[in-house]
Amino acid sequence: MGYILGIVSCFGFIWFIIGCVWLFGDDDCEDDWEDGYIATLVFLILYFIGFGCALCAVLVVLILLCVKGKESLAFLRKGKHELD
């Protein structure tokens with residue numbers, strides 16, 4: 001199952017890169033293939049939202065580390081020990 005997930009993730013990442021180049025680099029892409037243009041636009045919006053959420057999560061953790069130090073992440077260790 002992990003192998004298939006890796007292939008799907010690689011496909012999504014490649015589509016993200018090619019879609020960005022195609023969508024933002026070509027002025028006639030909407031006229032050439034309207035359905036593909038809309039699908040790429042939706043896909044890119046979802047990826048940008050996902051990247052934004054992931055970035056916000058990382059920033060929250062970094063801010064907690066800077067402000068309160070290691071004690072602020074005690075809830076992570078507590079949850080980890082409860083799972084064992």
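Me: How many disulfides does a search of the whole structure find?

Reply: A disulfide is a covalent bond between the sulfur atoms of two cysteines. In this structure, which is a predicted model, a search of the whole structure finds zero disulfides. Take C53 as a case: this cysteine is in no disulfide, and the nearest cysteine sulfur, which belongs to C56, is 6.5 Å away.

Me: Is C53 buried or exposed?

Reply: A residue counts as exposed when its relative accessible area is over 50%. C53 has a relative accessibility of 52%, and therefore it counts as exposed. C66 is also exposed, with a relative accessible area of 70%.

Me: How many aromatic pairs does the structure hold?

Reply: Aromatic rings are read as a pair when their centres lie within 6.5 Å, and the angle between their planes then decides what the pair is called. The structure holds two aromatic pairs. One of them is formed by F43 and Y47, with 4.7 Å from centre to centre and 45° between the planes, and this pair is tilted. Both residues lie in helix α3, where they are four residues apart, about one turn of the helix. Y47 also forms an aromatic pair with F51, which is edge-to-face, with 5.5 Å from centre to centre and 75° between the planes. Y47 and F51 are separated by about one helical turn, because they are four residues apart in helix α3. Through these ring pairs, F43, Y47 and F51 are linked into a cluster.

Me: Which residues make the nonpolar surface patch?

Reply: Nonpolar side chains can be grouped into a patch when their residues have over 30% relative accessible area and the side chains are joined within 5 Å. Here the patch is about 700 Å², and it is made by L55, V58, L59, V61, L62, I63, L65 and V67. L62, one of these residues, is found in helix α3, which covers residues 34-68. L62 has a relative accessible area of 44%, so it is partly exposed.

Definitions and conventions
Residues are numbered from 1 along each chain as its sequence is written. This is a predicted model: local features need pLDDT of at least 70, side-chain atom pairs count only at pLDDT 80 or more; totals for chains, interfaces and linings use all residues. Side-chain values use heavy atoms; hydrogens and water are left out. Patches are made of residues with over 30% relative accessible area and no salt bridge: like charges are joined within 9 Å, nonpolar side chains (Val, Leu, Ile, Met, Phe, Trp, Tyr) within 5 Å. Accessible areas come from the Shrake-Rupley method with a 1.4 Å probe; for residues, only the protein chains shown count as cover. A salt bridge is a side-chain nitrogen of Lys or Arg within 4 Å of a carboxyl oxygen of Asp or Glu. Helices (H or I, at least four residues) and strands (E, at least two) are DSSP runs, numbered from the N terminus. Buried means under 20% relative accessible area, exposed over 50%, partly exposed in between (1.4 Å probe, protein chains only). Rings of Phe, Tyr and Trp (its six-membered ring) pair if their centres lie within 6.5 Å; planes under 30 degrees apart count as stacked, over 60 as edge-to-face and the rest as tilted. A disulfide is a pair of cysteine sulfur atoms within 2.5 Å.
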